[in-house]
Amino acid sequence: MSGLKRKRNVLTVKQKLEILQKLDKGESASTDAEDVLNEGNTISHSAALQSVETLLNYMGQRGFDYGDITAVRKICVDIRQVLNKQQDQRRITDFLKQ
């Protein structure tokens, strides 16, 4: 596995500028960034949740600002909501297949 290279999706300078301009205007640019970054290989929601929870533990140990920790907790909640929604959809699909 050490020889396996992973494709890394990165926003171009132009894409970053467009997103920053939208943010300056008060518009939401999160979906634009997500669309670009999700074009290739994506990380699973459960892996993302684990990474964010690890970050949260690190932040707690290092005494990060309460506001920063709260922002990371919100990310955990958002990921869990997506996971729960996917799980519900799978249950419905499995039920209908029977």
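Start with the helix pair: from H3, His-45, Ser-46, Ala-48, Leu-49, Val-52, Glu-53, Leu-55, Leu-56, Met-59 and Gly-60 meet a set in H4 made up of Asp-68, Ile-69, Val-72, Arg-73, Ile-75, Cys-76, Ile-79, Arg-80, Val-82, Leu-83 and Gln-86. Contact here means heavy atoms within 4.5 Å, and helices (H or I, at least four residues) and strands (E, at least two) are DSSP runs, numbered from the N terminus. Sorted by class, the contact of H3 with H4 has 13 nonpolar, four polar and four charged residues. For the bookkeeping, Ala, Val, Leu, Ile, Met, Phe, Trp, Tyr, Cys and Pro count as nonpolar, Asp, Glu, Lys and Arg as charged, and the others, Gly among them, as polar.

A word on provenance: this is a predicted model, where local features need pLDDT of at least 70 and side-chain atom pairs count only at pLDDT 80 or more, while totals for chains, interfaces and linings use all residues. Residues are numbered from 1 along each chain as its sequence is written, and side-chain values use heavy atoms, with hydrogens and water left out.

How do the two helices sit against each other? H3 (residues 45–62) and H4 (residues 66–97) pack at an angle of about 160 degrees, with axes 10 Å apart; axes are lines fitted to C-alpha atoms, for helices over the stretch in contact, and angles run from 0 to 180 degrees between N-to-C directions. The pair is therefore roughly antiparallel, a label for angles over 145 degrees.

Now look at what lies between them. The largest nonpolar core has nine residues: Ala-48, Leu-49, Val-52, Leu-56, Met-59, Ile-69, Val-72, Cys-76 and Ile-79. Such a core is a set of buried Ala, Val, Leu, Ile, Met, Phe, Trp, Tyr and Cys residues joined through side-chain atoms within 4.5 Å, with buried meaning under 20% relative accessible area, exposed over 50% and partly exposed in between (1.4 Å probe, protein chains only). H3 gives the most to this core, with five residues. Leaving aside neighbours within four places in sequence, Val-52 is in contact with Val-72, Ile-75, Cys-76 and Ile-79.

Val-77 is also found in H4, but at 40% relative accessibility Val-77 counts as partly exposed.

Zooming out, the protein has four helices and zero strands. Of its 98 residues, 14% count as buried.

How values were computed. Angles under 35 degrees count as roughly parallel, over 145 as roughly antiparallel, 65 to 115 as roughly perpendicular and the rest as oblique.
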